[in-house]
Amino acid sequence: MAAIELRGVRKAYGQAEVIKGIDLSIAHGEFCVFVGPSGCGKSTLLRMISGLEGITEGDIAIGGEVVNDIPAADRGLAMVFQSYALYPHMTVRQNLSFGLENIQTPRAEIATKVGEVARMLQIDMLLDRRPKDLSGGQRQRVAIGRAVVREPRGFLFDEPLSNLDAELRVDMRGEIAALHRRLGNTMIYVTHDQVEAMTMADKIAVLRLGKLEQFGAPLDLYNRPANLFVAGFIGSPKMNFLSGQVDADDRARLRLETGEVLAIPQAGFAQRSGANVTLGIRPNHLHAADAGPVKVAVRAVEQLGGESYVYGQTASGTAITLHSPGQTGIDLGDVIHVDAPTDEMHLFDTDTGLSLRMD
Amino acid sequence: MSRTLAFLTATRGGARLHWSDWASYSYLFLGVFLMFFPVIWLVLSSFKTEADLQRYPPTFLPYQQQTIILEGHADPLPLFQITGGEHEGKILAQLRRVGLRAQMVDPADPETRLTIDIADRAPVERFTLATENYTDLFGRFNFLLYFWNSTFITVSATLIMLLTNSMAAFALSKYHFRGRTAVLLLVIGTLMIPQTVVLVPLFLIVTELGMFNSLWGVIIPGAATPTGVFLLRQYMLTIPDEILDAARMDKASEWKIYWRIILPLSAPAIAVLAILAIMWRWNDFLWPLIVLTQSENFTLQLALNSFQGELQTQWSSLLAMTVLTLLPIALVFMFLQKYIATGIASTGGK
C-alpha cells in the first residue's frame, strides 16, 4: 500500500517560507495532480515527498509510515524529471538497468525486466542508443521506463511533458494515464497546465504561493471552486468575474459597478444584503440575449466552425468571454446584451476571495 | 590530405598574393623557425660525436671524419684530402702529426711515408650518425632505471592526483555545506603561493614522514593541486543536478554517483588534467632534486643534470638523453592534443 499523507508540511529556506503548511492525503492507487502557477511550490513539494529535499516541519507518511528521516532511495518511489535526467553516457539499456543493478538484481532478471518495460513503452528498438540520439518523445519514454522498471510503490512526475511539442504532449498524456490504469500505483504529477490536470487526475491539488487552495476531484474543482483563484485557474477559457454589491433590500439582486442590475441565486449561497461580492460565470454559460442585463462591447470574435468565442468588455472595462457551440452571428464592434442562468453562477466574497457557497 | 594542404596554403584570395598574405606567412614561418629550430638542432646534435660537438664553427649536420684500416696499424687512420703541394688532389691517411707537419701514407701504397704541411690538407668528412651516444646510455649509464623512476612517479602521481582532485571537485561543486565557499577560496588562494616559499616546510614534513630519498616523497606532496581542483569543479558545475537526483532515486550510493555518473561525464576535463599532470610530473625538476639524493632514485631530469659536471660535461650523452626524455612527453602530447583543445574549450566555454 502506498497511500501518501502530508501533515502540516512546511519548508523554509532561511527566512523565506516556500511551503506554508500543507495537509493532504492521497489514497493508494490514486492519480493526484499538483497544479498551480510557476513559483507556487509544487515542484518543491514533490521533491520533499521524494526525499530529495528535506522538510522543515510536519510529517510525510507513505503507506502509513512516517518517512521524514528516510533517504530518497529507500522511500520506494520513482521520479520522472522535467529534463528527463537520463544518464547521457549510458545507452538506453544501461539507463534502464542502472537502478536494478544498484539493488543487486541478478543479471538475467534485469534483462527480462528491461525487456518487458521496453516492449511496453515501445522503446525496445532503441535499447542500444544513447540519449542524445533520441527524440524528445523517446527520451520521455526512456525516463518513464527507468521509473517503471524498478517497480516502485509510487511514481512522481515533475512536469514531464513540458519539453514536448503540443501534439506529442496529448499522446503522452494518454499514455501516462494508460500506464496508471495498468500499474495501479499511486502517482503524483506536477504540472502548471490545468488541461493536463483535468484530463489525467483522480484528484487535483491546486497550489498557490506555498499554500493548498483546494484539493478534490477535477469536476468538483470545476463545479464548486472554493475561491476566486481556483475558479479562475481551473477551466479554459477562464471564468468571467463581475464585481458588484448585493442589493440592500433583495439578496437575489446584484448591482454591478456599471450600475446594471442582474438576478443572482438566492439559495445555496450565503451572500448578505449590501455585501461586496464577485459573480463568477463560465464562458459557456453566458449567452447573448436581447433582454440580457449586462451590456458587452465586442472586441474580438473567434469562429472555429464547431464552436465560437466572443471577447468583449463591459461598460466598466471588465473583460468578458462568451463561448457558444456552433457558429455565431455576432460581429466585431457589436454591442450585445448577455444573460446567464442563475443556477450556473458562483458567488465569492470580494474581500476574502472565498466562495459563498453553502454546503 | 588535400584539405590539410588547402588549409596550409590558404591565401586571402585573388590572383596575386596580397601584402597581408606575405605578412601572415612570414610571421608563421618565423614562429615555426623559433619553435622548431632548437628542437631540430638538439636532435641533430645528439647524433654528433664529442669531437664534432666541440668544433668551431659548428656544423648543422653531424659529420665524422672518414677513417681507414691499414695493415700494420692497430687503430683506424683518419683520411685527409690534400689541397696543395706535390700530392694535391690525393686522399691520404694520416699516421701521426708532428708540429706543423703530418706523416701520411697513400692507402694505395701503404709502405711509402709522406710528409705533408698541415696547411695543405683538409679532413675527409661524411654525414654519419653517432648512434653510440644512444647505445652508451643503455650500456654505460643506467638509463632504464632513471626511465622507470620517472615513469613510476609520473603515472602514480597522475593517478593519485586525478582521484583526489576529482573527489574534492565533486564535493565542492555538488554538495551544499557550510563553509564551502571558504574551502574553495582557500584552495584557490594557495595558487598565489609560489612553490619556493613552501619548499622548506614541505621538505621538513617529507623528512619527518620518512619519505626522504623515496619516490613517494616526490609523488605524495604533488597529489593535490589547486589548479586541478578548480578546473574539475568548474566542469562539474555544468553537470545538471537532476542527473544526480535521478541517480539517488535509482538507489545509487554517493560513491557510486561519483564513480559511475560524475567521473564519466567529466571525462573531457579529466583528460585535460591528466595531460597537464603528466607533463608537470615528467618535467618536474626542483622538487625531485631536493628529495632524491641517491642516484638509484634519480628521475631522468636529475640524471640529465648529473651529466653536467663542475669540471667536465659530457655533451654527447647529455643531448642523447635529452632527446629520449623529450620523446614520451611529445608522444603523449601528439596523441592527446585534441582532447586538450576540446577539453579546455568545454571547461572554459560553458
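**Reading a sheet and a helix**

Tutor: In β2(A), Leu24(A) is the bridge partner of Leu6(A). Please keep in mind that this is a predicted model.

Student: How many bridges join strand β1 of chain A to β2(A), and in which direction do they run?

Tutor: Strand β1 of chain A, residues 4-13, is joined to β2(A) by eight bridges, and the two run antiparallel.

Student: In what order do the strands of the open sheet in chain A lie?

Tutor: The order is β2-β1-β4-β5 in chain A, four strands with antiparallel pairing.

Student: Why is one side of β2 and of β5 in chain A left without a neighbour in the sheet?

Tutor: Both β2 (16-26) and β5 (65-66) of chain A stand at the edges and have a single partner strand each, so one side of each lacks a neighbour in the sheet.

Student: What surrounds this sheet in terms of the whole chain?

Tutor: Chain A holds eight helices and 20 strands. Its C-alpha atoms fill a box of roughly 75 × 45 × 35 Å along the principal axes. Of its 359 residues, 40% count as buried. Among contacts in chain A between residues at least 6 apart in sequence, 65% join residues at least 24 apart.

Definitions and conventions:
Residues numbered from 1 in each chain as written. Chains lettered and ligands numbered in written order. Predicted model: local features only at pLDDT ≥ 70, side-chain atom pairs only at ≥ 80, totals over all residues. Pairing = 2+ DSSP bridges. Buried ≥ 20, exposed ≤ 12 C-beta atoms within 10 Å, placed from the backbone. Contact = placed C-beta atoms within 7 Å.
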